[in-house]
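Subject: Structure handover

Hello,

Here is the structure to be handed over, followed by notes on what was found in it.

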Amino acid sequence: MTMIECIPRSLCSWDFTARGLSSGSASIEYDWFTEQGRILGAHMGYDIVKHGVFSGQWTLERNGGVAAEAHKPSAMFRSFEIT
């Protein structure tokens, strides 16, 4: 199991630096209002796309293709099922 550490850029920031990736560090930029964002690394770039305002589904996309999907099974908990 790989552990990825996400460190906030500042005290009240929704943006993070991710460490522990095989490709090195990455920057995670997140817009809390739209619940979308991007992940940027030295050799990669992904878009985080939310599918509907009240949807619990997100996709991680690169070059028009889906790299991963996340589904939040309950709005009451901070957990996701990722495929």
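Let me start with the second largest pocket. By class, its lining has 10 nonpolar residues, no polar ones and no charged ones. The classes are as follows: Ala, Val, Leu, Ile, Met, Phe, Trp, Tyr, Cys and Pro are nonpolar, Asp, Glu, Lys and Arg are charged, and the others, Gly among them, are polar.

Some conventions before the rest. This is a predicted model, in which local features need pLDDT of at least 70 and side-chain atom pairs count only at pLDDT 80 or more, while totals for chains, interfaces and linings use all residues. Residues are numbered from 1 along each chain as its sequence is written, and side-chain values use heavy atoms, with hydrogens and water left out.

Pockets

The residues lining the second largest pocket are Ile4, Cys6, Ala18, Leu21, Ala26, Ile28, Ile39, Met44, Tyr46 and Leu60. Its volume is about 190 Å³. A pocket here is an open set of points on a 1 Å grid over the protein atoms alone, where a 1.4 Å probe fits and protein lies on both sides within 12 Å along at least five of seven lines; lining residues have an atom within 4 Å of a point. Grid points are joined across faces, edges and corners, and the volume is the space filled by probe spheres set on the points.

The largest pocket holds about 1100 Å³ of space. It is lined by 26 residues, of which Tyr30, Ile48, Trp58, Ala70 and Phe80 are the closest to its centre. The lining comprises 17 nonpolar, four polar and five charged residues. Strands β3 (26–31), β5 (45–50), β6 (57–62) and β7 (65–71) each supply at least two of the lining residues. Strands are DSSP runs of E with at least two residues, numbered from the N terminus.

Core

The largest nonpolar core has nine residues in all: Ala18, Ala26, Ile28, Ile39, Met44, Tyr46, Ile48, Trp58 and Ala70. Buried means under 20% relative accessible area, exposed means over 50%, and partly exposed is in between (1.4 Å probe, protein chains only).

Met44, one of the core residues, touches Leu21, Ser23, Ala26, Ile39 and Arg62, leaving aside residues up to four places away in sequence. Contact means heavy atoms within 4.5 Å, and the contact lists below leave out sequence neighbours in the manner used for Met44.

Strand residues

Thr59 sits in β6 and counts as buried because its relative accessibility is 6%. Its side chain makes polar contacts with the side chains of His51 (2.8 Å) and Glu61 (2.8 Å). A polar contact is a pair of N or O atoms within 3.5 Å; within protein, one must be able to donate a hydrogen and the other to accept it, and residues adjacent in sequence count only if both atoms are side-chain atoms. Thr59 touches Asp47, Ile48, Val49, His51, Val66, Ala68 and Glu69.

Val49, in β5, touches Gln36, Gln57, Trp58, Thr59 and Glu61. Its C-alpha atom is separated by 15 Å from that of Phe80, 31 residues apart along the chain.

Leu40 belongs to β4 and is partly exposed at 36%. Its contacts are Ala26, Ser27, Glu29 and Gly45. His71, in β7, is partly exposed at 39% and touches Gly56, Phe80 and Glu81. The C-alpha atoms of His71 and His43, 28 residues apart along the chain, are separated by 26 Å.

Loop residues

Which residue has a positive phi of about 55° although it is not a glycine? That is Asn63, in the loop between β6 and β7; Asn63 is exposed, with a relative accessible area of 77%. Glu35 also has a positive phi, near 60°. Glu35 lies in the loop between β3 and β4 (36–41) and is partly exposed at 25%. As background, most residues other than glycine have a negative phi.

Ser79 is in the loop between β7 and β8 (81–82). Ser79 is partly exposed at 35% relative accessibility and touches Lys72 and Pro73.

Regards

How values were computed
Helix = DSSP H or I, 4+ residues; strand = E, 2+ residues; numbered from the N terminus. Core = buried A, V, L, I, M, F, W, Y, C linked by side-chain atoms within 4.5 Å.
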